[in-house]
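Reader: I have not looked at this structure before. Please take me through some of its details, one at a time.

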Amino acid sequence: MQPALRKHLAKRSDAVSLAVVLAHLAFVATPLYLAAIVGPSWLLVPLWIWFGVGMHGLLNLMHETAHNHVFRRRWACELLGGWLLGPLTLADFEVYRQRHWRHHRHLGVEGDTKDAYLIDVRGAGMLRFLGRCLTLREAAAKFRSTRGTGDQDAARSPAAWLPRVVVVQVALAASLLLTALVARDGELGASVIAAACAWAIYAYGIASLTLFVASLRTIAEHQIGDDGATVVGRAALRNFACGPLGRLVFGCYGFAEHATHHLEPAIPSYRLRAATEELIAEGDRSLAPRAGYVATLAALAARTPERRAALG
């Protein structure tokens with residue numbers, strides 16, 4: 001790391017980080033508890049969209065946790081990732097962390113654990129991919145790829161992480177049922193149905209919309225286009241110019257500064273913008289923010305087959 005960047009390694013106070021985490025968790029969980037209150041209704045559709053898209057931000061938070069950047073103490077990051085975020089996303093946090101570090105070490109070459117950025121989104125490709133996500137075909141394929149016998153990281157025994165999933169899922173289901181009971185003055189039958197609807201939004205939201213948004217983010221970050229982004233093997237590296245909404249949906253926790261993160265993964269997400277500006281000022285124009293996520297995806301979708309073949 002360049003000596004001038006070492007000042008960006010300083011972590012903020014744990015109190016500030018905890019407040020951010022709690023606020024984000026509340027934002028993402030709110031549609032689930034609203035669903036438990038309203039029960040079967042057309043309102044479940046917008047609540048599903050809210051949760052499914054919003055949950056992607058917690059995946060970004062899990063990434064920040066895997067780098068041990070959320071709290072100053074490693075054990076606190078382990079607790080957040082291994083006992084809350086992993087079980088909430090139905091993932092083995094340690095497997096996720098090991099696979100992510102392999103992605104850093106082997107970006108764009110053999111051994112890269114991410115391949116979502118290779119999805120063809122030209123023309124109707126993005127709509128076809130959305131269909132695969134909504135029908136859960138993509139979730140099934142993702143599960144097979146990460147838990148397959150050939151994956152050296154996923155070979156851990158389920159006993160190492162499944163109990164955590166059970167504890168968190170039971171607590172979530174119980175809290176949804178309690179919310180429904182309070183909203184219905186203790187009427188058990190209707191409350192069970194309402195809580196089941198809320199939990200269905202949770203499970204289907206993660207397996208469909210959250211996976212879709214996470215894949216789109218990865219495509220925008222790493223799929224090779226014609227915007228002059230740095231190319232490493234079969235992957236591109238970009239920083240993004242995005243507003244508050246784009247940062248909330250796609251780029252929170254430093255993902256909008258994704259190229260800088262790959263260059264200096266030891267820098268916490270909340271320091272990446274300042275580090276990026278400093279590197280650009282020193283002459284590294286490759287880190288200059290490009291278009292936003294949506295504009296980048298639109299440009300990738302508009303490429304001709306000839307241009308895509310030329311870019312590899």
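This is a predicted model: local features need pLDDT of at least 70, side-chain atom pairs count only at pLDDT 80 or more; totals for chains, interfaces and linings use all residues.

Reader: Is the pair of Phe 129 and Phe 212 stacked, edge-to-face or tilted?

Author: The ring centres of Phe 129 and Phe 212 are 5.8 Å apart, and the angle between their planes is 35°. Planes under 30 degrees apart count as stacked and those over 60 as edge-to-face, with the rest as tilted. The pair of Phe 129 and Phe 212 is tilted.

Reader: How many residues apart are Phe 129 and Phe 212 in the chain?

Author: Phe 129 belongs to helix H5 (residues 125-134), while Phe 212 belongs to helix H8 (residues 188-222). The pair therefore links distant parts of the chain, and the separation is 83 residues.

Reader: Is Phe 212 buried or exposed?

Author: A residue is buried when its relative accessible area is under 20%. Phe 212 has 12% relative accessibility, so Phe 212 counts as buried.

Reader: Why does the pair of Phe 250 and Tyr 293 count as stacked?

Author: Stacking calls for planes under 30 degrees apart. The ring centres of Phe 250 and Tyr 293 are 5.1 Å apart, and the pair is stacked because the planes are at 20°.

Reader: Which helices does the pair of Phe 250 and Tyr 293 tie together?

Author: Phe 250 and Tyr 293 are 43 residues apart in sequence. Phe 250 counts as buried at 9% relative accessibility, and Tyr 293 does too at 2%. Phe 250 lies in helix H9 (residues 244-251) and Tyr 293 in helix H12 (residues 293-301), so the helices are H9 and H12.

Reader: What is the volume of the largest cavity?

Author: The count of cavities of 30 Å³ or more comes to one. For the largest cavity, the volume is about 40 Å³.

Reader: Which helix gives the most to the lining of the largest cavity?

Author: Among the lining residues are Arg 12, Glu 64, Tyr 253 and Tyr 270. At least two lining residues come from each of helix H1 (14-38) and helix H2 (44-66). With three residues, the helix that gives the most is H1.

Reader: How many nonpolar residues are in the lining of the largest cavity?

Author: The lining of the largest cavity includes Val 20, Val 21, Leu 61 and Val 70. By class, two lining residues are polar and two are charged, and the number of nonpolar ones is six.

Reader: Which side chain makes a polar contact with the side chain of His 104?

Author: His 104 lies in helix H4 (residues 93-105) and counts as buried at 15% relative accessibility. Residues up to four places away in sequence aside, His 104 touches His 63, His 67, His 261, His 262 and Pro 265. The polar contact, at 3.5 Å, is with the side chain of His 67.

Reader: What separates the C-alpha atoms of His 262 and His 103?

Author: His 262 is in helix H10 (residues 258-263) and is buried, with a relative accessible area of 13%. Its contacts beyond four places in sequence include His 103, His 104 and His 222. Along the chain, His 262 and His 103 are 159 residues apart, yet their C-alpha atoms are separated by 9.8 Å.

Technical notes: Residues are numbered from 1 along each chain as its sequence is written. Side-chain values use heavy atoms; hydrogens and water are left out. Rings of Phe, Tyr and Trp (its six-membered ring) pair if their centres lie within 6.5 Å; planes under 30 degrees apart count as stacked, over 60 as edge-to-face and the rest as tilted. Helices (H or I, at least four residues) and strands (E, at least two) are DSSP runs, numbered from the N terminus. Buried means under 20% relative accessible area, exposed over 50%, partly exposed in between (1.4 Å probe, protein chains only). On a 1 Å grid over the protein atoms alone, a cavity is a set of points where a 1.4 Å probe fits but cannot get out, and a pocket is an open set with protein on both sides within 12 Å along at least five of seven lines; lining residues have an atom within 4 Å of a point. Grid points are joined across faces, edges and corners, and a volume is the space filled by probe spheres set on the points. Ala, Val, Leu, Ile, Met, Phe, Trp, Tyr, Cys and Pro count as nonpolar, Asp, Glu, Lys and Arg as charged, and the others, Gly among them, as polar. A polar contact is a pair of N or O atoms within 3.5 Å; within protein, one must be able to donate a hydrogen and the other to accept it, and residues adjacent in sequence count only if both atoms are side-chain atoms. Contact means heavy atoms within 4.5 Å.
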